[in-house]
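I opened the notebook to look up how two chains meet.

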Amino acid sequence: MTQSGQYNFAYLDEQTKRMIRRALLKGLAIPGYQVPFASREMPMPYGWGTGGVQVSAACLTPDDRLKVIDQGADDTTNAVSIRKFFQRTADVAVTEDTTDATLIQTRHRIPETELAEGQILVYQVPIPEPLRFLEPRETETRKMHSLEEYGLMHVKLYEDIARHGQIATSYAYPVKVQGRYVMDPSPIPKFDNPKMEMAAIQLFGAGREQRIYALPPYTDVVSLDFEDHPFEATKANHSCALCGASDSYLDEVITDDQGTRMYVCSDTDYCATRRAQGHVGLQGVPLEDNAA
Amino acid sequence: MQETSLTGGFTDAPIDAAHAFRAALTVMAEPGKIAELSGAEPPAPMSVAAGTLLLTLADSETPVFLAPTHDNQDIRDWITFHTGAPIVSAEKAMFAIGGWSALQPTVRFAIGEPEYPDRSATLIIEMPELSNSGATLRGPGIKDTRQFQLPDTAAFQANQSMFPLGLDFFFCAGSQVAALPRTTLVEGA
């Protein structure tokens, strides 16, 4: 029983957790393959991370330190509410420090700080099927995965080039896992794709679509491309206005109605850590002055 | 039914199962890595690790096969009381437990279907001991290579060659566990 004494540990009942846990193990054994699971209704709407929350609930132990980010930020509504949910139902310690966290639930970003062995990254996934917008029928996409028939995806990328002169897909950029399954990396910016070959365990949960998939550490994850149009991890061509970082993914923030804008790190922990180390961007102020 | 079948379960099921699953998740993600796994006290000859895996993963929805080494009334009663899992023949099993030779032939077990490769059996193999020596493992979850003592080489190579179909394995000895998913390439002995 938890502090509030009203919920089972981590909210879900034990039979549900066993079902999710079995799906997670099969997901790890078949990297990139979408394992169907009996997703439960959660006390939050679809689109708010019900899949990720169920995966986290099945993985959490009382010894964990949980970090939750939404678009890289620890302080947005989605991140705050999920963090509070697990504080209340699992009595788990929380942190905003990427290196200190043992389990990180994320919506649409991979932290800038490199993850280490022993950490778990849980993704919230809206549409797990990379072929869904090309072929709406589940029976067909399932057959295409079983036959390794991914020509349609390459046609889509080719049409991007024919129309725009380059591959226009900038987020949820499809990847091929260990030379077999084409997988949707969830709507992370393609800037994050190269980071998916990491030392941490990556778990993906899609609640509404009832799918779980996974990547063990050091799995080959290759972004689809063409020899003459190689994959490129792009970001806004600026440096962070607050911490001056030139290697992090940036959010564009409109600051008035005259079109003035600034670019800041989307990863709040990365930005705050750099500012604490004394890095100052063009529009930033040293951290001590800011606090005063 | 003996009294022994009523004891040996988790003392705090949600917490014990959470810790046990994390160990199972870690070893499946990092093939050949050896981890501690305890909490259950199953009847002989089932190991603590194998019993803990069953309590963590098995329930009335997961048919279990007992190899001849483990098919005794105490174990049947213990599994039935603590998990409710039906004891079935090898062909229908989602989980199978026993020594490696007692589980032969492994071709009996479900390897999944091309459209649903996850519908395959997981074999829980009882070992005398677990050791990071012997066969060389490569593949997802392994940075370069890892050594692990397997009871056979050819069988695991054949299993890997069927990918994405195939069986997944846990190895248990005492309170230690390791795993080998179907993705792992196995070389030498």
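This is a predicted model: local features need pLDDT of at least 70, side-chain atom pairs count only at pLDDT 80 or more; totals for chains, interfaces and linings use all residues.

Residues are numbered from 1 along each chain as written, chains are lettered from A and ligands numbered from 1 in written order, and side-chain values use heavy atoms, without hydrogens and water.

**Interface of chain A and chain B**

I looked up the contact (heavy atoms within 4.5 Å). Chain A brings 41 residues and chain B brings 43 residues. The buried area (accessible area, 1.4 Å probe, lost on being put together, summed over both parts) is about 3,400 Å², and carbon and sulfur atoms give 64% of that. On the side of chain A, A:R22, A:L25 and A:K26 lose the most area, together 19% of what that side buries.

I then checked salt bridges (a side-chain nitrogen of Lys or Arg within 4 Å of a carboxyl oxygen of Asp or Glu). A:R22 forms a salt bridge with B:D59, with the closest N and O atoms 3.4 Å apart.

**Helix pair in chain B**

Helices are DSSP runs of H or I, at least four residues. I found α2(B), residues 48-57, packing against α3(B), residues 73-83, at about 35°, with axes 10 Å apart. Axes are lines fitted to C-alpha atoms over the stretch in contact, and angles run from 0 to 180 degrees between N-to-C directions. B:G51, B:L54 and B:L55 of α2(B) meet B:W78, B:I79, B:H82 and B:T83 of α3(B).

Note on methods. Helices (H or I, at least four residues) and strands (E, at least two) are DSSP runs, numbered from the N terminus. Buried area is the accessible area (1.4 Å probe) that two parts lose on being put together, summed over both.
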